[in-house]
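Please keep the sequence and the model open while you work through them.

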Amino acid sequence: DQAISTFNFLGEEINEKSIRTMLGIADRSRIIDLVRLIIEGNKEKALQDAQEIFDLGADPKLVLQDMLEVVYLISRSKSFGKIENDLTVSESESSLIFDLSKNIDFSYISMIWQFILKGIEELSLVPNHFLSFQMLIMRLVHVKDMPSPEQVLEEALGSDDTNLIGESSEKIGDFDNSKPGT
């Protein structure tokens, strides 16, 4: 109703782009491209695309929620293959998501998911939502360079200098054999 009255009053044609702008919703293919740029580590292009999405009137929180949905779809596609028979995902989107899922591992998908969730929380703390969103994009681009939790654990347990399991069991053993007051 709002679209009809607004656009009739202004004498403008009602189309998908004008409705998306009015509601602050971004085109999902743009969101998939943004996630792809983040995964590829292309910070400059990702920031540029984010700016273009927001110039069209998209709401940062809705964009982040859409990004969560894309990350979920990537995970689903990685687990079960190309998404088919899902009316919420077009054939072209399914192909883009499937291509992304082939070159990403689950630990990276999980980290992206967690960072985006944290980014949604941060929107309520930072007055300039776009500034918060840009900072999140920069962090997401660099998450790929971080070691996975498995790699950190392997390095910690595999190193001669920091054999965490051995050190902790020795300390427990020393404690058990100690006498009170010594």
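## Exercise 1: the aromatic residues

Phe54 counts as buried, because its relative accessibility is 13% and buried means under 20% relative accessible area, exposed over 50% and partly exposed in between (1.4 Å probe, protein chains only). This is a predicted model, in which local features need pLDDT of at least 70, side-chain atom pairs count only at pLDDT 80 or more, and totals for chains, interfaces and linings use all residues. Residues are numbered from 1 along each chain as its sequence is written, and side-chain values use heavy atoms, with hydrogens and water left out.

Task: work out how many aromatic pairs the structure holds, and classify the pair of Phe54 and Phe130.

Solution. 

1. Rings of Phe, Tyr and Trp (its six-membered ring) pair if their centres lie within 6.5 Å; planes under 30 degrees apart count as stacked, over 60 as edge-to-face and the rest as tilted.
2. The structure holds two aromatic pairs.
3. For Phe54 and Phe130, the ring centres are 4.9 Å apart and the planes stand at 70°, so this pair is edge-to-face.
4. Phe54 sits in helix α4 (residues 43–55) and Phe130 in helix α8 (residues 129–143), so the pair links distant parts of the chain, 76 residues apart; helices (H or I, at least four residues) and strands (E, at least two) are DSSP runs, numbered from the N terminus.
5. Phe130 counts as buried, at 19% relative accessibility.

Task: classify the pair of Phe54 and Phe133.

Solution. 

1. The centre-to-centre distance is 4.8 Å and the planes make an angle of 80°, which is edge-to-face.
2. With Phe54 in helix α4 and Phe133 in helix α8, this pair ties together parts that are 79 residues apart in sequence.
3. Phe133 is buried, with a relative accessible area of 1%.
4. Phe54, Phe130 and Phe133 form one aromatic cluster.

## Exercise 2: the whole chain

Task: how many helices and strands does the protein chain have, and what percentage of its residues count as buried?

Solution. 

1. The protein chain has ten helices and zero strands.
2. Of its 182 residues, 32% count as buried.

## Exercise 3: a residue in a loop

Task: is Asp105 buried, partly exposed or exposed?

Solution. 

1. Asp105 lies in the loop between α6 (91–102) and α7 (106–123).
2. The relative accessible area of Asp105 is 43%, so this residue is partly exposed.
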